[in-house]
Amino acid sequence: MIASVSGRVSAVSPDGAVVEVGGIGLAVQCTPGTIARLQVGESARLSTSLIVREDSLTLYGFADDDERQLFELLQTANGVGPRLAQAVLAIHPPREVRRAVSMADVKALMQVPGIGKKGAERLILELRDRLGSTTSDTSVDGPAVAGLPSVTPVAPWRDQLTSALVGLGWSAKEADSALAQLAPVADEQIASTGSVEVAVLLRQALQLLGRS
């Protein structure tokens with residue numbers, strides 16, 4: 001099993017990145033939130049999980065070990081494969097997944113594409129005793145686990161999104177234009193939760209730039 005990769009980021013795309021390790025470029029599937037933290041030409045470390053199939057080897061990458069462990073634990077539930085587990089983490093940070101399961105928050109889990117009411121109820125039933133406590137840091141200013149924060153503080157969101165979009169090939173001007181359109185969405189997030197979810201805004205920015 002490949003538990004982590006460290007090396008220079010040679011490319012990023014909307015759904016992953018290529019990390020050079022020992023002269024080999026490893027393609028790693030990542031959530032938008034993880035991609036937003038990667039910069040082409042810079043070094044990065046990703047916790048990883050290798051999914052082996054008869055016809056493929058797919059490497060999934062995460063910001064930290066906790067996210068990777070939750071990705072693997074989600075797949076122990078009936079009907080949850082790697083793509084759906086990654087979709088869960090693309091919508092919710094680990095601490096929010098734990099909160100939703102422990103509090104039986106069906107609506108929160110149904111925000112994930114591919115999870116309906118019955119699927120959410122099944123996840124709660126099967127994983128409630130496995131996911132652990134939600135009593136780690138719940139402050140929006142600090143990380144829930146060691147490593148990168150799950151919920152990004154308000155101040156850096158523009159810089160992170162600009163860096164991510166430029167790294168994906170758009171110009172700084174195009175990135176600024178997309179962020180200007182998303183400013184009301186960010187303001188609404190700040191008003192309701194006190195923080196900005198970079199992963200959500202990145203997906204919306206990619207949709208805007210794709211249409212343009």
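Predicted model: local features only at pLDDT ≥ 70, side-chain atom pairs only at ≥ 80, totals over all residues.
At 12% relative accessibility, Arg68 counts as buried, where buried means under 20% relative accessible area, exposed means over 50%, and partly exposed falls in between (1.4 Å probe, protein chains only). Residues are numbered from 1 along each chain as its sequence is written, and side-chain values use heavy atoms, with hydrogens and water left out.

**The whole chain**

- The chain has nine helices and five strands; helices (H or I, at least four residues) and strands (E, at least two) are DSSP runs, numbered from the N terminus.
- Along the sequence, these elements follow the pattern β-β-β-α-β-β-α-α-α-α-α-α-α-α.
- Of the 212 residues in the chain, 43% are buried.
- Among contacts (heavy atoms within 4.5 Å) with a separation of 6 or more, 55% join residues 24 or more positions apart.

**Helix 2 and Arg68**

- Arg68 belongs to helix 2, and helix 2 covers residues 65-74.
- Leaving aside residues up to four places away in sequence, Arg68 touches Ala3, Ser47, Thr48, Ser49 and Phe62.
- The buried residues of helix 2 are Asp66, Glu67, Arg68, Leu70, Phe71 and Leu74.
- These buried residues pack against helix 1 (32-35), strand 4 (43-53), strand 5 (56-62), helix 3, helix 4 and helix 6 (117-127).
- At the start of helix 2, the backbone nitrogen of Asp66 has a side-chain oxygen of Asp64 within 3.3 Å.

**Helix 6**

- Gly119, Ala120, Leu123, Ile124, Glu126 and Leu127 are the buried residues here.
- Their cover includes helix 2, helix 4 and helix 5.

**Two loop residues**

- His92 sits in the loop between helix 3 and helix 4 (94-102), and it is buried, with a relative accessible area of 5%.
- A polar atom of the His92 side chain lies 2.7 Å from the backbone oxygen of Ala108.
- Not counting residues up to four places away in sequence, His92 touches Val97, Ala108, Leu109, Gln111 and Val112.
- Ala104 is found in the loop between helix 4 and helix 5 (106-109), and at 35% relative accessibility it counts as partly exposed.
- Phi of Ala104 is near 55 degrees, a positive value in a residue other than glycine.
- For background, most residues other than glycine have a negative phi.

**The second largest pocket**

- About 160 Å³ of space lies in this pocket, a volume being the space filled by probe spheres set on grid points joined across faces, edges and corners.
- A pocket is an open set of points on a 1 Å grid over the protein atoms alone where a 1.4 Å probe fits, with protein on both sides within 12 Å along at least five of seven lines; lining residues have an atom within 4 Å of a point.
- The lining includes Pro14, Gln29, Cys30, Ala87, Ile91 and Arg203.
- Helix 3 (residues 82-91) gives the most to this lining, with four residues.
- By class, the lining has seven nonpolar, three polar and two charged residues; Ala, Val, Leu, Ile, Met, Phe, Trp, Tyr, Cys and Pro count as nonpolar, Asp, Glu, Lys and Arg as charged, and the others, Gly among them, as polar.
- Domain 1 (4-62) and domain 2 (65-132) both give residues to the lining, so the second largest pocket lies between them; the domain bounds come from an automatic or database domain assignment.

Conventions. Polar contact = N/O pair within 3.5 Å; in protein donor to acceptor, adjacent residues only side chain to side chain.
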